[in-house]
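Try each task before you read its solution.

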Amino acid sequence: PAEYALLEFLVLRRGRIASKPELLDHLYAGDAQGSANAVEVFVHQLRRKLKTAGHDHVIETRRGHGYLIH
């Protein structure tokens with residue numbers, strides 16, 4: 001569910017960078033239980049699944065800024 005929510009968030013904001021704090025807020029609804037590492041894990045898992053489905057390089061990392069989908 002968290003991976004799907006992250007992917008949905010990025011797709012709905014296609015072309016715009018989503019920062020880790022924005023993603024954490026979306027995933028955990030302001031609850032303090034999430035960490036920036038959780039976002040990285042979810043992005044890694046999504047990339048692996050998307051690559052298996054034939055969609056390489058869908059999620060782009062902008063170092064120091066966040067993630068985006070074109």
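**Exercise 1. How many aromatic pairs does a search of the whole structure find?**

Solution. The search finds 0 aromatic pairs. To count, rings of Phe, Tyr and Trp (its six-membered ring) need centres within 6.5 Å. Before going on, note that this is a predicted model, where local features need pLDDT of at least 70, side-chain atom pairs count only at pLDDT 80 or more, and totals for chains, interfaces and linings use all residues. Residues are numbered from 1 along each chain as its sequence is written, and side-chain values use heavy atoms, with hydrogens and water left out.

**Exercise 2. Which residue lies over the face of Phe9?**

Solution. It's Arg13, at 3.6 Å from the ring centre. The test is that NZ of Lys or CZ of Arg is within 6 Å of the ring centre and within 35 degrees of the ring normal.

**Exercise 3. Describe how α1 and α2 pack.**

Solution. Start with the angle: helix α1 (residues 2–12) and helix α2 (residues 20–28) pack at about 130°, with axes 10 Å apart. That makes the pair oblique, the class for angles that aren't under 35 degrees (roughly parallel), over 145 (roughly antiparallel) or 65 to 115 (roughly perpendicular). Next, list who meets whom (contact means heavy atoms within 4.5 Å): Ala2, Ala5, Leu6, Phe9 and Leu10 of α1 meet Glu22, Leu23, His26 and Leu27 of α2. Sorted by class, that's 7 nonpolar, 1 polar and 1 charged.

**Exercise 4. Now do it for α2 and α3.**

Solution. Helix α3 (residues 36–52) packs against α2 at about 85°, with the axes 9 Å apart. The two are therefore roughly perpendicular. On the α2 side, the contact uses Lys20, Leu23, Leu24, Leu27 and Tyr28, while α3 brings Ala36, Ala38, Val39, Glu40 and Phe42. These divide into 8 nonpolar, no polar and 2 charged.

**Exercise 5. At what angle do α1 and α3 pack?**

Solution. The angle is about 85°, and the axes are 10 Å apart. That makes α1 roughly perpendicular to α3.

Methods:
Phe/Tyr/Trp six-rings, centres within 6.5 Å; stacked < 30°, edge-to-face > 60°. Axes fitted to C-alpha atoms, helices over the stretch in contact; angles between N-to-C directions. Helix = DSSP H or I, 4+ residues; strand = E, 2+ residues; numbered from the N terminus. Nonpolar A, V, L, I, M, F, W, Y, C, P; charged D, E, K, R; others polar.
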